[in-house]
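Colleague: I would like to learn how to read helix packing and backbone geometry from a set of coordinates. Could we work through one case together?

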Amino acid sequence: MKFLTRAGPVWLWALTLAAFAVQTDDYILIGVLPAVSHTVQLSETATGQLVTVYSLTYALAAPMWALLPLRISRRRALCGALTVFGAANFAVLLVDEYVPLMALRVVAALAAALVLPTALAAAGAEAPPKRQGRYLATVMTGLTGAVLLGVPAGTWIGALFGWRATFLFGGLLGVGALLLLLRTLPRAEAHAVSERTSLRVMLRPLLNGGVTVILVVTILTVAGNLAFQTYIAPFLAGVSSVSPTVLAVLLVCAGIGGLLGTQASGRLIDRFTPGRVFSLVSVVFCGAMLAFAGLWLVRPVPVALTAVLLVAWSAAAWAVPPSIQSLMLTRAGTEAAAQAMAVQSSAVYVGAALGGAVGGGFLAADQGLIPAAAAGLAFLSLVIMVPVMRSRTADLSSSTNRDVETETA
């Protein structure tokens, strides 16, 4: 029985909910950090390391899980990981000390490191022809939605019912995705991964220059985005003298722009090519960043102008990932989809760390240079990606010519 809606199969939205759950869980502690710090009787700086440990564990575990030669279907992998993820969050209700809480964060991150890459791989592998970009973009909406809705909702729940309720909320999200996947995700997709028998076979599709370039591009694009996003509050306060209330409104506008950009990216990928979409949105991103750099020189500027540029930046920034993921899946192939998504997920965390460092450096020197630095990283990634996009175009042209020759013969 197929479970379909006008917006796509229900299993696709279950994968999106899974992505929403693990991304929300990554940052959910931020909103309740003071309360957690008070409970464990440590400084907020020390308690904040729970977020760092989660991110670091994810970055290291994602490729580890993908490269283990396990004969297990994506469906079982997702359901098993979501079960552990939910249990790790529910168990927070039973602890009130730092070390057990740290251990549970590590367990949750280990499970999340299997969930997100596998969800993206399943969406790409199960997508109908000409809809892979749209399916990947749909799952990516879960990540955008986590920033826009999940983290604020978790903070609100923590304020009303205590910080442990925030983790209960994260666990319930995971269980909800688990129940939907058990009911709707096709069992047939198990055959897509059942024949992986050796590490050498799994690594072969990843050991080529195109994949390496895409990983480098992933790091640079994420670094460019996070260099600006990490320090967006002080920058906006400087460029338009915004109050905390106005800043909150601007961030909501940016979140909406991100959702729209993600969905538009998926449709454009299916209509054109991921390489062309990547080029387009990278140019828009660079343009928005350079415009912000220019406005810094004539500050303060009207909030309305800042809002327009902020939406353009966010839309372009969130439109980039589906195009890069589609390029990666094309290069690595369906058989190595989970491995490719896992390694790329780790590259995202490397890029986030690099972006934070770059942005912090320019913040100390002159925060007006932050958007210019972000634009420079994005432009560098575009230049590096050009050979990969050209070789992909050549491959498609060659394949088309072979098909024509075969039909003629």
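Modeller: Axes are lines fitted to C-alpha atoms, for helices over the stretch in contact, and the angle between N-to-C directions runs from 0 to 180 degrees. Keep in mind that this is a predicted model. Here the axes of helix 6 (residues 98–126) and helix 7 (residues 132–161) come within 8 Å and cross at roughly 155°.

Colleague: How are helix 6 and helix 7 oriented to each other, roughly parallel or roughly antiparallel?

Modeller: Angles over 145 degrees count as roughly antiparallel, and helix 6 and helix 7 are therefore roughly antiparallel to each other. Helix 6 contributes Leu116, Leu120, Ala123 and Gly124 to the contact, while helix 7 contributes Gln132, Tyr135, Leu136, Val139, Met140 and Leu143. Sorted by class, this contact of helix 6 with helix 7 has 8 nonpolar, 2 polar and no charged residues.

Colleague: Which residues of helix 12 are buried, and what covers them?

Modeller: Buried means under 20% relative accessible area. In helix 12 the buried residues include Leu247, Leu250, Ala254, Gly255, Ile269 and Asp270, and what covers the buried residues of helix 12 includes helix 7, helix 11, helix 13 and helix 14.

Colleague: Where is the cis peptide bond, and what is its omega?

Modeller: The cis peptide bond joins arginine 299 and proline 300, with omega about 0°, and proline 300 lies in the loop between helix 13 and helix 14.

Colleague: What is phi of glutamine 41, and is glutamine 41 buried or exposed?

Modeller: Glutamine 41 has phi near 60°, a positive value in a residue other than glycine. Glutamine 41 sits in the loop between helix 2 and helix 3, and is exposed, with a relative accessible area of 70%.

Key:
Residues are numbered from 1 along each chain as its sequence is written. This is a predicted model: local features need pLDDT of at least 70, side-chain atom pairs count only at pLDDT 80 or more; totals for chains, interfaces and linings use all residues. Side-chain values use heavy atoms; hydrogens and water are left out. Helices (H or I, at least four residues) and strands (E, at least two) are DSSP runs, numbered from the N terminus. Angles under 35 degrees count as roughly parallel, over 145 as roughly antiparallel, 65 to 115 as roughly perpendicular and the rest as oblique. Contact means heavy atoms within 4.5 Å. Ala, Val, Leu, Ile, Met, Phe, Trp, Tyr, Cys and Pro count as nonpolar, Asp, Glu, Lys and Arg as charged, and the others, Gly among them, as polar. Buried means under 20% relative accessible area, exposed over 50%, partly exposed in between (1.4 Å probe, protein chains only).
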